[in-house]
Amino acid sequence: ETHGALDRSAAVACNTAREIAAKDFSRERNDNALSFCAHAMARGLATTLVSVSARDTAFNLIRKHLGQQLPRVFTPETVNDVIENLLNENAAGITSALEEATLEITAIKMDAELGRLFDERHQAWRTSERCHPREHVSPQTAKALAELPETLRPNSSLYPYHVAVYASFLPPRVDNTVDQVVQLLQVIEEAALRHYTECPPTDSANVLSLTNVSFTETTQSEHHDTIKRKLVEVSQWITETNAVPLLVNLFPRIMLLAEKVQAESRNPSAHNTVMHHGNLLLNEVCLFVLQAIREKGQGKAVAELMRLYSIHDKRWVNKELAANLIRLRLMDIAEFDRVLTKALQEPNRQQAVEFAGYIVQKCLIEGKLANVRDLKHTLEILEQIADQSKKQRAPTRMRVPTMHKQPYRQEIEKYFDEWLQICDKKPGQQNQQQPPQQPPAAAGQEGQPPQQQQQQSKQVIALNFVKKLQDSGMLKADTMLDHFFGVLTELAIEDYATAVMLSERALTAEQRAAKERARPEITRGQVHPPPARLAADPRAFVAVDAFSDLIVVLIKCCAWSSRREDSKQQQGHAETALIQRVLSVVGRALTFNHDWCVDRNGVDRQYHEQPPLPEGCALEETHLQQPFMRLISNLMIALAPSADERGDFWIVVANTLHALNPQRLPGFAFAWVELIGHRLFISKMMRSQETWPLYHKLLNDALRFVEPFARPQGMSEALVLYFKCVLKLMLLLLHDFSEFLLAHHQLLCDAIPPCCIQLRNIVLSAFPRQTKLPDPFARSGRYNQLPELRQPPTMAPAVKDPYSARPQLQMPVPQADFDQYLATKQPADVPQRLVQALSPADGKGYNVPLLSAVVLYAGARTVERQAPLVKEAFEKAEANKTTVDPDPITFNRDMGAAEILRTLLASFNSEGRYHVINACVNQLRFPNAHTHFFCLALQHVFANASPHQEHIQEHVTRVLVERLIISRPHPWGLLITFFDIVKDAKNEFWEKPFIRCTPEIERMFESVAQSVHPQQQQQQQQQPQPAQQPAPQGTAPQQPQAPQQPRS
């Protein structure tokens, strides 16, 4: 019965409010104003009707229910009195509950009625009909309005006092609460102004903020204490019953205050500082009140707040308030997304677009107050708006910085467009042209296969185009030819940049988001290559491939230009000259583009002033490596068959790449390292030892680029990726071209940064193909009996004789004095002269390449001098069928080289000793005479160090161990030397204090001890132990494992 009365009251109130509001707002186009007034009238009528119609019914139901339950507790004589007392005490609460339930039903019914009304109004506006009252009111009302004269009909908008009539319908039952809360807020505002008047807000300590802990823990003034007390009173006035009505009354005040605060924040100097800070504090207090309303009203308060905000005129102006409401979870984010999406789809949406951008920035990007799913539809509409805006002003073609004059460019561009059309034509279309001449192999002969005829037809069309270029003067061997190739290079790069720009523009939001999610996280332990700007698409390289095809045709025309037999050498020189000219022009264009885009101070922009861009074009200010790499790679692939007859082409390519090294063009580094590792280029450069110095020069460029950035504490992710490319290139050389590393090991070690231990190990692990390395972990046999230890290794001239091949080193001692001292230890001052020349001066560091050259020269000359003695000793032993120990002959303490080594280690500081020992360890490679000599030299240094020279033993151990704990490969001589030092009982290695300096170092050497002393393990295994599964036969002995260090 009660529910029926509530429904009837709500239905009567909604119908009445709809008809009256529709009449008054028949010419008003503001739906929000109509909605507010209709809801206000419906609420007032509904609460009045329900208090009359449903109150008595509810009281009777309560009497009946209590009459059935209370006799169990009270006597029959007192039951009626108890029931009446209960009803009288709770009458206000019962009435309030009925009114609250009626208000909920009224709001739902009113929204449905207004929805139908709005649809009718909007339909009338779309069909351009006059807003006549009969479209929105009942027939009786429409008839009455039609009979009224024009002056008496409702105007297009109501006056404020008309709207106030509707506002007076709001339920008066919360007026007392609203008045009390408003009164408290006024007291708080006055207290804030007085506080800031007495305590100026220029001092940050005087600024009051509810978000600061000091607001509640301290009291700065009596007015501060008043604010805290009034805040407590405000929260006490808010209950579950009055939360929603209080929100309805306070919300317009909160919006007005937020607008004022936002305006003052934009220009604080134009407003009173005290008033501004007072409004800021009052704004925080209002947000506090809203939080209290949300806590008491729960979901009803959130839904009502969202409704009030969505119909307010200033809803898209108060951006900061909206962000705060989202931050405090006072808004229904899903409904907010729907309302904002609807506003973004309207024609006049500029204000909503700015509002949405602010919300996305504050709530998604900076504050992380919401996620993408919460504002999914808003983001989609914003992306559509952005795409439309980009398409309206987005360029259709990219241009690159040019250093050529426009007349040349315009003319050459016409020829290039024609060449692109020729490259795009199919064989059937190409046969439609009549060739004016035939290539050396005449085309169209009968009996030839169709594929061969098509190939000959392509050659004819290409020759026709070349003849046209020649007639136009484009191929003159003066500066015009350079302009021709330079402009073609720029056009090819522009076509690639345009294709990339259009591809990026075609990506959807989901594709861009998926691309960002697919980006791997770069860590020191595992480095992934960063994703490319776009996936490789052959269509982006159409112009680059066409340009390389044109270059190949022009080079072939040099061979077809003359048929004389004695001109073959001249033709070869002409082809080489043309290739060199093309690569030179491409290199200049690459350098100019790089300096313009990457190193903008490297280009004189006044001299290279760019012409005005045509309409629809934009300047590409990003340096693009891919098209330049594609162009040079295409030339290597296309010209490789004809270049096999002569090696000058690969020399030209190597010189060009040397000029474009990463130290000069760091923005071209990745493409450059890809080119020097090209399968064709590296195989052709390794084919002859004459080209090895050129390739070593390129590797030196690659390593010199890493050296300034290679530090033990780590490199940037881009440099780590570049270093991995160089590391893979070295592994390729180790696997397929180890002879190159054998000859240039010393020069490469000089260029490798000190902290790149694994890269140095790769270079030193190379060994000749015919050599079979003995197992360094085997415990039987003497390695000094190997015949390979009597053979000197192959070395490049620059490594073998630094005096004549590397004069730039400036060896510190004349060669004659050095050789004489190594043979006779005279003149005796040679070691001190070396120390004086190699010591750092003027604050500079050690000259590591010079020091390494001195150490290697001393060892190599000593090995060369002792080689006949070693050979003679083995011949005598073989004749006598005995064995001989070659170690004392190969190295002994009385040699000049040993004296030089001892003097350098004793005279240098810690850094110098490290470099000297490193120079010795760099010669511990595959079995050869140098490995044997320096292995004995290091054992001598370790064994003969005096007690006060224990730091030398520590240096030797450090250099050996830091190379062994790195992942494989490890040089054979390195392993042999370390095991010999550790196993020699005279060295007392396990008694040294430096192997127990830290727990990590101690654990590492314990694992080493288990590997180098297997006899102790065998004795332990002979003792009774639990049975273990035997290892499979043929399993190689395990290398000692050690803690990995974060090295390159």
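A salt bridge here is a side-chain nitrogen of Lys or Arg within 4 Å of a carboxyl oxygen of Asp or Glu. The model is predicted: local features need pLDDT of at least 70, side-chain atom pairs count only at pLDDT 80 or more, and totals for chains, interfaces and linings use all residues. Residues are numbered from 1 along each chain as its sequence is written, and side-chain values use heavy atoms, with hydrogens and water left out.

**View 1. A network of salt bridges links Arg-18, Glu-19, Glu-113 and Arg-116.** By the salt-bridge rule, the count for the model comes to 29.

**View 2. Lys-300 and Glu-104 form a salt bridge.** Their closest N and O atoms are 2.7 Å apart. The pair joins distant parts of the chain, 196 residues apart: Lys-300 lies in helix H12 (residues 273-311) and Glu-104 in helix H5 (residues 91-126). Helices (H or I, at least four residues) are DSSP runs, numbered from the N terminus. Lys-300 has 47% relative accessibility and counts as partly exposed, meaning neither under 20% (buried) nor over 50% (exposed) relative accessible area, with a 1.4 Å probe and protein chains only. Glu-104, at 35%, is also partly exposed.

**View 3. Asp-482 forms a salt bridge with Arg-581.** The N to O distance is 2.8 Å. Asp-482 is in helix H20 (residues 479-506) and Arg-581 in helix H23 (residues 568-597), 99 residues apart. Arg-581 is partly exposed at 24% relative accessibility.

**View 4. Asp-482 also forms a salt bridge with Arg-588.** Here the closest N and O atoms are 3.8 Å apart. Arg-588 has a relative accessible area of 40% and is partly exposed.

Terms used:
Helices (H or I, at least four residues) and strands (E, at least two) are DSSP runs, numbered from the N terminus.
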